[in-house]
Structure formats: structure tokens, C-alpha cells
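The entries follow in the order in which I looked things up.

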Amino acid sequence: MKLFKVVMLICCLLSVFTAQAKTYMVGVALANLDLNFVSILRSQMEKQLKDKGLNSQFADAKGDVSLQIQQVDDFINQGADAIIINPVDTQGVMPVIAAAQKANIPLIFVNRKPEVKLTGKMAYVGSDSALSGKMEIEALAKRLDNKGNIAILMGALSTEEARQRTKAVEDYVKDHPGLKVIQKQSANWQRNEAVDKTLSWLQDGNDINAIIANNDEMAIGAIMALDQLKKSNVLVAGIDGTPDGLQFIKNGKMAVTIFQDAKGQATGAVDVAYDMLSGKKTEAYNWVPYQTVTKENYQEFTSKNQK
């Protein structure tokens, strides 16, 4: 009997040791690594995953929602213990949700909020898209004294953040009769597309006093177009607070950007995944705040959002 107890104790200790020794693998499905902010997000997640002692595998969907769904399926088939996803299409997330639920593994959305209710082993870590648009237009309108013609450069319309940021700008303009949105087009988050759209607007004779972009890359594209046409009297605003964006704040070419905390989002997503894997209670929505950046305070942000 005594020997039996000793054997059982040894088995229990081995079981505990095995459980403690398990190294989890987290699959990270990213929307498009060609986007500067997503690239920063990846580098920050890599650091946090390593710090937490988690193995990881990354996949780049290159803006293709079908490819991203397949990549999530591949992670599950390879035995991923959890998945972090930066979705290509925030309305088209049901296939990945169904796959994760079937596999009974945690699914954490980062940076782009899915447009479905999250329950069970699901969570969102990121920021409030509408708030960033509101902060952006408020800061820019102050420079305009709430008067002037505005053009909007939108991100990919498949994403909640592009639609919500744009709506927040339009809602503000509706409440301020001195402002008017005279142009609005998607440049898909891309600098080169923003150059083309802005050149087209200006060459068509549009009288634009300010250009408000859904991200820094498109804001920089607008500035490049303005420089080509030697127009220096048009204010430009962006969102993200990327290192490139801050350089344009520093040189006075960009009036304002709204800092989006890539490290906060990346760290938060990994922490939530880790807590779920550890059996800890987590919140469904985990908000990371924005901050307004101008030439007066940009130096506070120069060490942030680094790759």
C-alpha cells in the first residue's frame, strides 16, 4: 500500500511537471504586412510572445480574406493552441470564428475590431476607431477655425476602422456649417494610392483647405502630391503616429496625427492569449487609448511605435 502511494505521488509530480513544461504555440494571422502599422504590430508581438515563452508562427494574408481564412485553418491543423488575428475584413470573420470554436481554442482579434459580438474564448484588443476620427477632425478643425473645404482619404472599406473614422469626421462636419466635405475616396491605406487621388483632386480644380486621412501613410501620400504641385497652404492630418508620420509632424508638413499604440495593442493581445491559455478570466473588449500628436508634443512619441 505504501509503495502504491509513492508511485501515485511520483505520477502526480510528473503530471504537474509535464503541464508546467508545455510550451504553447500561437498562430498570428496578419492582414497585410505591406501596411506600415501592421508591420510594427508584428515586431512588437514577436517580442512579447518571446517574453512570455510562447512559440509562434506568423502568416501574411496580403489583403486577401480567403487566404487569411485558409491560414487560420492551417494554424489549427498544425496544432495551434491559440490564434491572434488582425482581420482583413472585419465583417467577414465568421469562418475564422467557426473554425476556432470547433477546435475549442482562443481567438484574439487585434487592432481591427470584428463586427460581431464576442463571447466565450474570444476577445478584442485595440482602440475605438470612431474616437480616433473624432480626435483627428477636432484637432484639424481647430487649426481651420471650423471653416473650409475638406477632402477625406479613406482606408480599405472592408475594415471597420476606415468606415468609423470617416463617419466620425462627417458627423463633426454636419454639426459645423462652416466646414464642407467636397471629396472622399479610398486609397486603401496606401501612400502611392493617396498620391494619385490627391493629384487628381487638385488637378481637377478642387478648392481644398485640408485633407484628412484615415492613416499616416495616406496622409504622407497627400503631402507628397501637394509638394509636387507646390501647394503649401493645405493642412493634412493622419492617424497612427508611425515614425514616418512623426517626421512629417516634425518638419511641419503634417498638422496632426493621432497616436495609435502598436506596442499596447500587441502586448495586450499576447497577454490576453496567454491568460486564456492559463485558464484566467479575461475581458471580451480590451481598449487601448489614443493620443493627439502635434508639433508641440511629437517628441514624446518618437521612441514609440518602433519595429
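**Entry 1: a helix pair.** I began with α2 and α10, which are oblique to each other, because angles under 35 degrees count as roughly parallel, over 145 as roughly antiparallel, 65 to 115 as roughly perpendicular and the rest as oblique. Helix α2 (residues 36–51) packs against α10 at an angle of about 45°, and the two axes are 8 Å apart. I took axes as lines fitted to C-alpha atoms, for helices over the stretch in contact, with angles from 0 to 180 degrees between N-to-C directions. The crossing of α2 and α10 is right-handed, meaning that the near helix is turned clockwise from the far one by less than a right angle.

I then listed the contact (heavy atoms within 4.5 Å). From α2 it includes Phe37, Ile40 and Leu41, and from α10 it includes Ala266, Val270 and Asp271. By class, the contact of α2 with α10 has eight nonpolar, four polar and two charged residues. Here Ala, Val, Leu, Ile, Met, Phe, Trp, Tyr, Cys and Pro count as nonpolar, Asp, Glu, Lys and Arg as charged, and the others, Gly among them, as polar.

**Entry 2: basis.** I note that the model is predicted, that local features need pLDDT of at least 70 and side-chain atom pairs pLDDT 80 or more, and that totals for chains, interfaces and linings use all residues. Residues are numbered from 1 along each chain as its sequence is written, and side-chain values use heavy atoms, without hydrogens and water. Helices (H or I, at least four residues) and strands (E, at least two) are DSSP runs, numbered from the N terminus.

**Entry 3: the sheet.** I traced an open sheet of six strands in the order β2-β1-β3-β4-β5-β11, with parallel pairing; two strands pair if DSSP finds at least two bridges between them. β2 (55–60) and β11 (285–287) each have a single partner strand and stand at the edges, so one side of each lacks a neighbour in the sheet. Strand β1 (residues 25–30) is joined to β2 by six bridges, and Gly27 has Gln57 of β2 as its bridge partner. I also found that helix α10 (residues 262–277) lies across β1, β3, β4, β5 and β11, at about 160° to β5.

Entry 4: Helix α7 (residues 191–203) and helix α8 (residues 216–228) pack at about 45°, with axes 7 Å apart. The crossing of α7 and α8 is right-handed. Their contact residues divide into ten nonpolar, three polar and two charged.
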